[in-house]
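Reader: I have a protein structure on my screen and would like to learn how to read it. Could you walk me through some of its features?

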Amino acid sequence: MKNKDNVYFLTLGCSKNDIDTEVMISILDKNLYNVVETPEIADIIVVNTCSFILDAKTQSIETLFELAELKKQNLKYLVVAGCLGQRYPNDLLDEIPELDAIIGTGEIEKINSVFDDIKNGKREAYVGNINSPYVEHSKRVDFKTTQFVKISEGCNNHCTYCIIPELRGRMRSRPIENILDEVRYLAEHGTKEIILIAQNTTDYGMDIYGKKSLAKLLKVLNDVEGITWIRVLYMYPEGFNDELIDAIKTCDKVCKYVDMPLQHINDQVLKLMGRRITKAETYNLIEKLRREIPDIVIRTTLIVGFVNETEEAFLELKTFIKDVKLDKVGVFQYSLEEGTPAYKLGDKVSEDDKERRWNEIMKLQSEISFNKLHSKIGKNYKALIEKKTDDSYVGRTYMDAPGIDGLVYINSHNMLNIGDFYDIIVKDNNEYDIYAEEVN
């Protein structure tokens, strides 16, 4: 009997890449391949890469050169998957001779045939179909208490700073029944929190149902037995409507948590970014969310140093942060990305000014965050326990998404189960985390 080849998967970048890696693992021919946890014993290594911003590209390329060194030992084949390969297929093949194949973002279903090809000496980039449908017949294999679920692929926004539509294609929503089947499957295997993701979740369903259908999806998923929390990320502000706000408000399993990438508040900056919302509409939406859902937590991401961000525009952004006092804010310094519409405009803000503006926003937001969390002292929440340290348990409340937000550190005289929910009372806080005790 022929020995199986060991395959090691390494995922870089966002949770969408994590899902793509799980799909590749799930459809891998288990009669021929064995998935291993360390690269040193692998016959084949697949690196699922990111190239969204400069730092992500740098990390991906450095990782590839590092793993290429294993070709001097036992490694037979090195394969690149994901956005970096989709973006620079020819450059990667030319510059990294140890590289054996590239699997583009729309070609992951071909992983077994790609492996066949490289064993036969073929060296090629498979990047031709960025608009392929989601691989629905795959079954997730990495069962966790918290799982991300992709509800659509690609994006139709075409923000001028973003390369994603060129790498991931147009928006392709998954049918509600397929998403429902996946969530039920995950729940049957122990998942209690699902996090719905896409490039733009609020536009979900426009392509296949002719209207925004995230609200309908949330109501369907709210009835899945075994699921306690449903969280939604990347909710573009222009996609909110009354039906969606009502679904977040009334569905008991849907976390009252909105991750809403705003990027800026100045109308001129927003227009040049290709964003489809104005300053006034942003203020009105935030006010409406807080009025309709009083315990709502709002997270956003911002970009400082975009090509036309004057000092006056930046001060307007600071005023916005002071005015609305959002719960969570992530800030990026703009990086010029070739292939985007904004690239030809150049990089007009100095790196020193970008760094200064980033620091000013982060300092301002840290004070707001501290005061927001301090106001929760004495209040009770439900917390999901994720791990235990020497002196406390660590988890999250509905107010925090994994990997991007804060944590709750919980003292308890009882033995708490990892992956279960417990009632807690907040006792203290710092800028981003809270300290609590279990409520017996």
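Predicted model: local features only at pLDDT ≥ 70, side-chain atom pairs only at ≥ 80, totals over all residues.

Reader: Where does Cys159 sit in the chain?

Author: Cys159 belongs to the loop between β8 (152-153) and α6 (164-168). Cys162 is found in the loop between β8 and α6 as well.

Reader: Is Cys159 buried or exposed?

Author: To decide, look at the relative accessible area: under 20% counts as buried. Cys159 has 6%, so this residue is buried. Cys162, with 15%, is buried too.

Reader: Which residues does Cys159 touch?

Author: Setting aside residues up to four places away in sequence, Cys159 touches Tyr236, Met273 and Arg275.

Reader: What can a backbone angle tell me about His158?

Author: Look at phi. His158 has a positive phi of about 55 degrees, although it is not a glycine. His158 lies in the loop between β8 and α6 and is partly exposed, with a relative accessible area of 47%. Lys325 is in the loop between α13 and β14, and its relative accessible area of 41% makes it partly exposed.

Reader: Which residues does the record's "Radical SAM core" domain cover?

Author: In the unreviewed UniProt entry, that domain annotation covers residues 141-371. Over this stretch the chain is 41% helix and 15% strand, and the end C-alpha atoms are 41 Å apart.

Reader: How do I describe two helices that pack together?

Author: Two packed helices are described by the angle between their axes and the distance between the axes. Here, helix α10 (residues 242-250) and helix α12 (residues 279-292) pack at an angle of about 35 degrees, with their axes 10 Å apart. The crossing of α10 and α12 is right-handed.

Reader: Which residues of α10 and α12 meet?

Author: Asp242, Ile245 and Lys249 in α10 meet Lys288, Leu289 and Glu292 in α12. Sorted by class, the contact of α10 with α12 has four charged residues, two nonpolar and no polar ones.

Reader: How can I check the length of helix α14?

Author: Compare the expected span with the distance between its ends. At 1.5 Å a residue, the 24 residues of α14 (residues 351-374) should span 34 Å, and the end C-alpha atoms are 34 Å apart, so the two agree.

Reader: Which residues of α14 are buried?

Author: Here is the general idea: an α-helix has 3.6 residues a turn, so residues three or four places apart point the same way. In α14 the buried residues include Arg357, Ile361, Leu364, Ile368 and Leu373. The buried residues of α14 pack against β13 (297-304), α13 (311-324), β14 (328-333), β18 (421-429) and β19 (434-438).

Terms used. Residues numbered from 1 in each chain as written. Heavy atoms only, no water. Axes fitted to C-alpha atoms, helices over the stretch in contact; angles between N-to-C directions. Helix = DSSP H or I, 4+ residues; strand = E, 2+ residues; numbered from the N terminus. Left-handed = near helix turned anticlockwise from the far one by under 90°. Contact = heavy atoms within 4.5 Å. Nonpolar A, V, L, I, M, F, W, Y, C, P; charged D, E, K, R; others polar. Buried < 20%, exposed > 50% of the residue type's maximum accessible area, 1.4 Å probe, protein only. Expected span 1.5 Å × (residues − 1). UniProt positions renumbered as here; feature names shortened; annotations may be inferred.
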